[in-house]
Amino acid sequence: MVPEGEHAAPEDDAALARLKGGAGMLAAIERAVALHERPPQETLLLETPWGVVHLDAADWGDAFAAATGLPHDEGHDPILEELSEIVSSRLDAERGRSVAPEEVRSALERDEELRQELRSSWPLLGADDLLAELYTSPELLGRCAPDLSAKQVRSLQRTEPREWTLSDLPLLDAARHRLGDPETEQERSRGRALQQDLLEEVEFGLEEMIATDSSEMQVLSMLRGADMQQALADRAVVDVPPPDRLSGPFAHIVVDEAQELDLAQWAMVTRRCPSRSLTLVGDPAQSGQGDGGWDGLLGPVGLTGARIARLGLNYRTPSEIMDVAAEALHEARPGAEVPLSIRSTGVPVRHASLERLREELDAWLGSHAEGTVGVLGAEHVLDVLAGTVRRAGPRVRALTPDLSRGLEFDLVVLARPDALGAGASGAAARYVAMTRATAELLILADPVTP
């Protein structure tokens, strides 16, 4: 969906990820674009083949208004169209010269001073340039995101603005959606120029042919007709590459793990689906963003009237593990709904010291010829355990709860559950980790100091 995603790294700072995923940065992008859409305030003396026309601030304001609602980088065409109408009317009113707006438009296209004025007051922008500018200018970001604190503004600044993270991708997508594709617009401009050059060359050739026509009926003079001119224009069209197919719009979108999307990510989905016809699959109990269920997750996004089908049975996690997972979740989120496990293994959840990880893995792998083990925990905890996990072999994987979503393991080893944090987000992470188990759960904590 976003080309920069190919090399984007995870966002290491959870607070920074939340900041980028909120409404403040989306609004900042809108304001930053608006700062590049300011009509000139000085009067421009426009020299045309039919006389001099004065374009004042009001004329520029009317022309810029013609681009309202369009992607920014598609604004030049309607602005020039409106300026052509203004100049045509001005020539007719002030000089009594009736000149078609199409002729005026051709003259404006070739007026370098006017084109420079337009490029300065309404420049073509790139999404990466716009976001990089916000990340390197605290003054600009503070102006565009007035609700952010000075500390938050500083946290978003960086020396290498184009070292994109996954949390930057929805913002780049928002910027690209607001701006349009500058390369496509530049291609259109080049196409129009080539088309005009081609038409002029053909017209010059036709005039030469007509001038040397020695036939009695002067049949070549018919080539000056409007039908022939239109045919020439149609043949001189320059193709512009189609937009990326992943930009939409789509009639319907299916979203898995929907409870994990933040506001900026939801904006990526909804701008591609104007009908708001969505199938959302997920479990609000696994979300660290609050405990308001689907209403709490979808309300801020503006998605209302959802028809909910609850999948209330849990076929994966045994009841012995599910009871412990639900208890851990309800400590921070008492109202969170959890599914009912329909099977029991008779194997209780076990507890041990973290220092016994190697012995526990060796014992389980030795007694199970098949099956997989997931060692789940906070990233800094897994860093300490990396050597032990690596030596255990290919049937053992170490993952954070976030990366384990959608996966399942015969044995889950939850390493230091307290390190996953407090509050709703920590409770959700522990719940996700525990419910990856299909048979056994082992919880390892730091050894108790006597």
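How are α3 and α4 oriented to each other? The axes of helix α3 (residues 57–65) and α4 come within 7 Å and cross at roughly 140 degrees, and α3 and α4 are therefore oblique to each other. Axes are lines fitted to C-alpha atoms, for helices over the stretch in contact, with angles running from 0 to 180 degrees between N-to-C directions; angles under 35 degrees count as roughly parallel, over 145 as roughly antiparallel, 65 to 115 as roughly perpendicular and the rest as oblique.

The model is predicted, with local features requiring pLDDT of at least 70 and side-chain atom pairs counted only at pLDDT 80 or more, whereas totals for chains, interfaces and linings use all residues. Residues are numbered from 1 along each chain as its sequence is written, and side-chain values use heavy atoms, with hydrogens and water left out.

The protein chain has 18 helices and eleven strands, defined as DSSP runs (helices H or I, at least four residues; strands E, at least two) numbered from the N terminus. Of its 450 residues, 43% are buried, where buried means under 20% relative accessible area, exposed over 50% and partly exposed in between (1.4 Å probe, protein chains only). Among contacts (heavy atoms within 4.5 Å) between residues at least 6 apart in sequence, 74% join residues at least 24 apart.

The crossing of α3 with α4 is right-handed; a crossing is so termed if the near helix is turned clockwise from the far one by less than a right angle, and left-handed if anticlockwise. D59, W60, D62, A63 and F64 of α3 meet I79, E82, L83, I86 and R90 of α4. By class, this contact has six nonpolar, no polar and four charged residues, with Ala, Val, Leu, Ile, Met, Phe, Trp, Tyr, Cys and Pro taken as nonpolar, Asp, Glu, Lys and Arg as charged, and the others, Gly among them, as polar.

Helix α4 (residues 76–95) also packs with helix α5 (residues 101–109), their axes coming within 8 Å and crossing at roughly 120 degrees. This pair is therefore oblique, and the crossing of α4 and α5 is right-handed. Residues of α4 in the contact include L80, L83, V87 and L91, and those of α5 include P101, V104 and L108. Seven nonpolar, two polar and five charged residues form the contact of α4 with α5.

Helix α2 (residues 23–34) and helix α7 (residues 127–136) pack at about 110 degrees with axes 11 Å apart, which makes α2 roughly perpendicular to α7. M25, A28, I29, A32 and V33 of α2 face L130, L131, L134 and Y135 of α7 in this contact, which has nine nonpolar, no polar and no charged residues. Helix α13 (residues 263–270) is mostly covered, with six of its eight residues buried, namely A264, W266, A267, M268, V269 and T270. The elements against which these residues pack include α1 (14–20), α2 and α10 (169–179).

Residues up to four places away in sequence aside, V396 touches L361, L365, V373, V375 and V389.
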